[in-house]
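Colleague: I have a model open and want to learn how to read it. Can we take the features one by one?

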Amino acid sequence: MSSSILQILNGHVQVAFEALDLPVELGRVVVGSKGDAPFQCNGALAAAKIAKKSPRDIAASVVEKLAGNPDIESAEIGGPGFINLVPAAHVLKARANGLAQSEMTGARPADKIQKFVVDFGGPNVAKPMHVGHLRSSVIGDSLQRLLRFRGHSVVSDIHLGDWGLQMGHLITELQEEQPDLMYFDKDIVDGYPAEPPVTIDDLARLYPLASGKAKEDAERMQRSRTATAELQGGRAGYRALLDHFIKVSIAALKTDFGALGVYFDLWKGEAAVDPLIGPMVEKFKQDGFTEESEGALIIRVDEETDKKELPPLILISRAGAALYATTDLATIQDRRDSINPDTILYVVDFGQSSHFEQVYRAAGKTGLFPREGLEHIKFGTVNGKDGKRFRTRAGGVMRLSDLLSQANEAAASRLSEAGLAKDMDAEERAEVARMVGLAAIKFSDLQNVRTTNYIFDLERFTSFEGKTGPYLLYASVRIKSLLRKADNLGVELGEICPDSEAEKKLVLTLDSFNRALAQAEAKRMPHILCEHVYNLAQAFSKFYADCPVLASDIADDVKSSRLALAELTLRQLILGLGILGIETPERM
RNA sequence: GGUUCCGUAGCUCAACCGGAUAGAGCACCUGCCUUCUAAGCAGGGGGUUGUAGGUUCAAGUCCUACCGGAAUCACCA
């Protein structure tokens, strides 16, 4: 595996800095921001103070050291002391062919391989998936793919919300509707039917109903709380209902996530760790980490250095129920014992920052799990055009399935508008529309910086021009078409000789794949990879416009060179898109 | 009110330990399909990076204050 062009230049410049008795780290080469030079070194500016010389003088000395270096075509001083670097043609060529021979097109495994648990999706039983779930799902999915691609071992877990008050709501609301069901009879403890008493639509209806009532009626709320506590206490009829609810929900969720192309290794939920809670709480008590406060059992997690007051973590509520934080702690214990990960990532919106801060501190304090191994991969909320949380006109949230079908329809009509895919049969057209619609949605979500809120705009999610998923698919499909045509003409892949500006730019972009991957991993930020694949597609489009591959007046070796460059680009595009969870059709 | 995050072109967003003239897309204007997919390419206009200070050779980026928005502030998840 050849070194990246940036690494090669970096090596030379650092040697030059060292030779001048300047700190090696100042010789760092970065991608250039100005002018024609693809790379630059800004170290001369920073070195000025140490060396007590002007930045331009230092830059001049460095450039002198670099003179005659066969890997460097030019090193020139710009502005107050920037060193602009252009790699030699043979470096570009060698790297291009090295990348072409690399199965992973230059991507390398991470230096330090770890075991990760990625906790994302996190839908609640009974609540249908809405657009708010989109971000956790696509970001989490992209991160699990990225981490695996980088060589890490990953276990993803949907972490279903199936244990809290919402279950009490569902049980009590169902009881109001169908009081005669045997599940509500305390005297019956087994022999429940295998058929669920509810459908997913029932659940979706019952929950908001109960939640709404409980908000206005304290007595109604109390019944839900009591039912929750009884469920957690092991009341048989309620447990049987819970199992039905979970089963019905998982079936519906598998459809939703399947449509999104998002998969989980584990479909565990909060209820699964219930048996761990009792002993865990007992141990916390014995170890002296807990105290009673206002009737609840708590763990104090505030620290001297805090600016803000962090409330204590509530382990057991006054009503005797385990809460969100309790099951999260038990889940950590479960994962530690069954998976033993180095790091657990929680892909959850930033509204829950303080909750996770409490849980992580408690986990660290009690020795359950090292604090550093717990990371909240927070993301911003999806807002409407008014800057508030996204709502449809009716006031509810938009269902994810509605969003998917709208994107699908938009893609289908775009296909017929453009007169594309005329020769496809109905099945292939539908499949292409599905891929295009999904690519549009995923890319428009993933390209945003994870941590900021963004404005939900259906038009943006169903737009196919410019910086969009479909643009990336389009670039891929054009290459596939090119390769098919080349195959028919008997043109074969050959040695890459990047001559034109468009070819050089394309090689430089291809060269930066591994950096984008490494950075996206380090920051847990998929948008960095989005940026890379978009740059790649752009560089290819320019190459495609500027450099005919199969035209009859092109020399055979140039054809083969350009074809190989296109083929390499395709492989890297597919790899990059794959990590973003985006599939590529054969044609569109 | 306390705390955290955010404020960049008309709109939606980038900007890699602080680096040159702050970049893309959409929208708008001008070119380019008798040869590889025009969902494309080339070019143009569009900015006091919320405001005021400070640190630095250098600030969208770091510090302080203020303005505006969002989230959150113990028994929901």
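Modeller: Start with a network of salt bridges, which links E173, E176, K213, E219, R220 and R223. This is a predicted model: local features need pLDDT of at least 70, side-chain atom pairs count only at pLDDT 80 or more, and totals for chains, interfaces and linings use all residues. Residues are numbered from 1 along each chain as its sequence is written, chains are lettered from A and ligands numbered from 1 in the order in which they are written, and side-chain values use heavy atoms, without hydrogens and water.

Colleague: What counts as a salt bridge?

Modeller: Side chains of opposite charge can pair when their charged atoms come close. The cut-off is a side-chain nitrogen of Lys or Arg within 4 Å of a carboxyl oxygen of Asp or Glu. The whole structure has 36 salt bridges.

Colleague: Which helix holds both R361 and E357?

Modeller: Both lie in helix α12 (residues 353-365), 4 residues apart, about one turn of the helix. Helices here are DSSP runs (H or I, at least four residues), as are strands (E, at least two), numbered from the N terminus. The closest N and O atoms of R361 and E357 are 2.8 Å apart.

Colleague: Which salt bridge links distant parts of the chain?

Modeller: K186 and E230 pair through their side chains, at 3.5 Å from N to O. K186 sits in the loop between α6 and α7 (200-216), E230 in helix α8 (residues 218-233), 44 residues apart.

Colleague: Is K186 buried or exposed?

Modeller: Buried means under 20% relative accessible area, exposed over 50%, partly exposed in between (1.4 Å probe, protein chains only). K186 has 56%, so K186 is exposed. E230 has 24%, so E230 is partly exposed. R361 counts as buried because its relative accessibility is 12%.

Colleague: What does the side chain of R318 approach?

Modeller: An N or O atom of the R318 side chain is 2.4 Å from a base nitrogen of RNA strand B.

How values were computed
Polar contact = N/O pair within 3.5 Å; in protein donor to acceptor, adjacent residues only side chain to side chain.
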